[in-house]
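Here's a quick tour for anyone meeting this structure for the first time. Take a look at it, and then we'll walk through a few of its parts.

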Amino acid sequence: MVDLESEVPPLPPRYRFRDLLLGDQGWQNDDRVQVEFYMNENTFKERLKLFFIKNQRSSLRIRLFNFSLKLLSCLLYIIRVLLENPSQGNEWSHIFWVNRSLPLWGLQVSVALISLFETILLGYLSYKGNIWEQILRIPFILEIINAVPFIISIFWPSLRNLFVPVFLNCWLAKHALENMINDLHRAIQRTQSAMFNQVLILISTLLCLIFTCICGIQHLERIGKKLNLFDSLYFCIVTFSTVGFGDVTPETWSSKLFVVAMICVALVVLPIQFEQLAYLWMERQKSGGNYSRHRAQTEKHVVLCVSSLKIDLLMDFLNEFYAHPRLQDYYVVILCPTEMDVQVRRVLQIPMWSQRVIYLQGSALKDQDLLRAKMDDAEACFILSSRCEVDRTSSDHQTILRAWAVKDFAPNCPLYVQILKPENKFHIKFADHVVCEEEFKYAMLALNCICPATSTLITLLVHTSRGQEGQQSPEQWQKIYGRCSGNEVYHIVLEESTFFAEYEGKSFTYASFHAHKKFGVCLIGVRREDNKNILLNPGPRYIMNATDICFYINITKEENSAFKNQDQQKKSNVPRSFYHGPSRLPVHSIIASMGTVAIDLQDTSCRSTSGPTLSLPTEGSKEIRRPSIAPVLEVADTSSIQTCDLLSDQSEDETTADEETSSNLEYAKGYPPYSPYIGSSPTFCHLLHEKVPFCCLRLDKSCQHNYYEDAKAYGFKNKLIIVAAETAGNGLYNFIVPLRAYYRPKKELNPIVLLLDNPPDMHFLDAICWFPMVYYMVGSIDNLDDLLRCGVTFAANMVVVDKESTMSAEEDYMADAKTIVNVQTLFRLFSSLSIITELTHPANMRFMQFRAKDCYSLALSKLEKKEREKGSNLAFMFRLPFAAGRVFSISMLDTLLYQSFVKDYMISITRLLLGLDTTPGSGFLCSMKITEDDLWIRTYARLYQKLCSSTGDVPIGIYRTESQKLTTSEDWTSSLVSRKYSVNHLKSQISISVEEWEDTKDSKDQSHHRSNHRNSTSSDQSDHPLLRRKSMQWARRLSRKGPKHSGKTAEKITQQRLNLYRRSERQELAELVKNRMKHLGLSTVGYDEMNDHQSTLSYILINPSPDTRLELNDVVYLIRPDPLAYLPNSEPSRKNSICNAMGQDSREETQL
């Protein structure tokens, strides 16, 4: 065994116990030197400098003592003047000699000694090598003049009564006051405004001038009028105010010369002081000054932080923020680093805003500016990004730094942050509310493709409106569309609610249906008291509790509503119908007045839900099909909920074996394995079993796996969805996910083609290669060949995203110019194509599908101007492209962030509706189309009952499309000018003759050319000039035959002539497209050039009246329950059950 102790080395000498007791002798022999640093600070001069100059608090005390000493010397001078008896005579000796008592002389000598010693000491401590710089300073010279004669009189007693101009110490007191204020600011670590310092200097200068003049005149007039101090003060005030009464005037030449000198000094010094004061005042007006601490503690205010403030952003914020009654007493403090814009300055001068809005020029990264805005006392801080910058990532970085700075300065202040890029969102997770622009933008664009006008639906829900828009319009669709736009989302606790209190212990669908039937409100979601997650339509198995928070859609919140029973209604003769429509249902009257709504209640007695009001039609009903509507159960019956229908696609089961083989739809369901950015919400989607090679994602390039080079060669069963974007940003991922969500039937999945200006990076391709039928193509929307290759001729939707490179323009509203022109070109080339566009500025929506001479568009423009003059926040809502969901502006979602201050649940509900977040048990937004087989339901209330009783769906609105005839705009215009039957009858005759001629001409052309394509024209381009020439000849001939006395007739003929010319132009464009397709080797079979959407208009009815009649082709917005909520398995086994059921889809179609 080895001896372990022998292997341990001995301790060094200094660690031995003997050395610890006796001391380490070797340590004393070390050649080490102890060094003390900053020895110069231990010298006597440095210690004095530290006390008198460097130390802020001691320096402040020294300057305060010096200021008091100077004031004391001036006070002793006044006492000497008052105690002195005026001597007789006009001898000059009275100027140089005065009567000074011995005690007064002693006090003045003591003050002089202390002052001189302090001045010499400070001069020595601040000496930097130039002695003359210290001696020739004006304060030092004045100190010598006022102190040295008193010191000399100690050694020469005969000079004790020598006159000394001690009143000049007032200027030394002014100098000490300025230094004292500076030291005071340094001591309390607070930077006071320069305006305060400048005002203090100006006031002290005026006082010193007046005091010097008073004392000088009084002393020089000792040999004249013998003026006292009060007479001298009176003379100085009258003289400096330029009044000059002349009752008191100087007599001696010396006093007159002194007055002239003082006036000259005043003319030089005072203008300089006033100029600096005016400059600082102008600068303060630009910077905005401060928000006082007293106001911050007694008033409520919010802070708006922006990098640049535009008039549109400001007005959107103010209109939406102050739309809520409880925010009327709040103040808005704007913190912006740039100077106030001219338009913003003009708006903030309006009395309505000048008393509420305070503009501060400053940066959120400076604690001084945050202190000026009193951020620590603010109720909330809104931080908005600048979306008009070319580098949006840089704009996000600035927003992140502002959020960090505010959180560091005021950790308890609620933060409302707007971010542009989704990959930057995780940096501001600490914020209370975050809106990511690209997430919402692409999600709305995606849902627009499967649920039409989702963007318009969300925009109307997040805007504050009373539903008064369009009520003066003669068109019925504008009245009902404007009235329904006033619906918003509100919340209330169930046990405190009149709407929902009686449904405690009932199922959610039962409460939703009966609340809508009785009150006209639409219950869309709930939240448990002990849970933060909101559940949209949790389904019929959800039982309502008394403490649940209910979220509902209504024209106003319940607290602003008054209720009347039917008996009271009959007695008061209140009109029963607010929505005029034939129905046997009880009518719900909603009277909106001054923010209060009166709702007529129905009879609350118990009766069958399948009573006579929902009875089946007896006439015209089919014998084979006996449709019926089951009652909505109070508590869900397990047998009535078919989980197989919710987790499988029956339409897929009905397909034959050949169709299944040809379709080859072998998809899995699961979470995407790769996310392009941090912070994306996991969504259960349709996925491929194996990811697609990157080469196969390129649509227009063949590879070793496939030989297709255009969209037509793939042979897709469903129409394409094309997205035209500049770059493949991470936001595009949020466009794909809602279209591949697990609840979408896989047989209805549309192929997605990304038309990108720049090639995508590998990270983006890694994210999309797991999704089925997703392709990309490098090309531009400006190039017709690229559009044809990507399959625009048989696309269901064309989504055009505003390009980031064009967002920054010299003129703000020109940022959308390129996008608007490109979309207009697409609209002219492919008139049947559904184009969905995103713009930067909402005002530019009027240029979408622009027709310069269309009377109906001009009438809508006038209506928009009238609504804007009335102060509407949704003046643009009647534009046909916006009402139809063809265009939207992401800036309209800024109101979502503003509303979150009052409704903190709005962002969560919007994200659930758009599919950005998926909460277990929460439903999703989808749609269904009303067909001829569904018209037996007749009314919206019966449809509500049918959906709630069968599938548990909750309808929230209708997307309606109506035909728009050519005479509609003319009739509407004629109604405004009171032109009645005669003009309209003449127009109808002319339009009939024109249509008959066009039909004859079309039949001749079709029989001559024998085309196989629908609505096709001749491919011979030489026929077009002939057709145009004949059309113009016929139009001229028709105009000569018409009555010359009718101006409307001539206008109508001109309109028809333009229609013929336009038709020929469309034919030319069709020939251009067909020739390019033939040149590229593409088939022209799918091109439909004459199908134009100009003859229809579409609009949204949010939460319409229960007695609203259903029409053919109505699209109903539904919130469908989560299919996974009905699985019998527990939550931990959910993933396993889904993985075992790969290939099964959720049922999308609602069988009525």
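## The sheet

In what order do the six strands of the open sheet come? Going across, it's E3-E2-E1-E4-E5-E6, and the pairing is parallel. Keep in mind that this is a predicted model.

Strand E3 (357-361) and strand E6 (433-436) sit at the edges. Each has a single partner strand, so one side of each has no neighbour in the sheet. Ignoring direction, neighbouring strands here are turned by 15 degrees against each other on average.

## Strands E2 and E3

Let's zoom in on one pair. Strand E2 covers residues 331-336 and runs parallel to E3, with five bridges joining the two.

Now for helix H20, made up of residues 437-450. Helix H20 packs on the sheet, where it touches strand E5 (415-419) and also E6. The direction of H20 makes about 55 degrees with that of E6.

## Around Val-259

Next stop: helix H13, which spans residues 253-287 and contains Val-259. Is Val-259 buried or exposed? Its relative accessible area is 9%, so Val-259 counts as buried, the cut-off being under 20%.

What does Val-259 touch, leaving aside its neighbours within four places in sequence? Its contacts are Ile-217, Phe-235 and Pro-250. As for Gly-216, that residue is 43 residues from Val-259 in sequence, and the two are 8.7 Å apart in space, C-alpha to C-alpha.

Technical notes. Residues numbered from 1 in each chain as written. Predicted model: local features only at pLDDT ≥ 70, side-chain atom pairs only at ≥ 80, totals over all residues. Heavy atoms only, no water. Pairing = 2+ DSSP bridges. Helix = DSSP H or I, 4+ residues; strand = E, 2+ residues; numbered from the N terminus. Axes fitted to C-alpha atoms, helices over the stretch in contact; angles between N-to-C directions. Contact = heavy atoms within 4.5 Å. Buried < 20%, exposed > 50% of the residue type's maximum accessible area, 1.4 Å probe, protein only.
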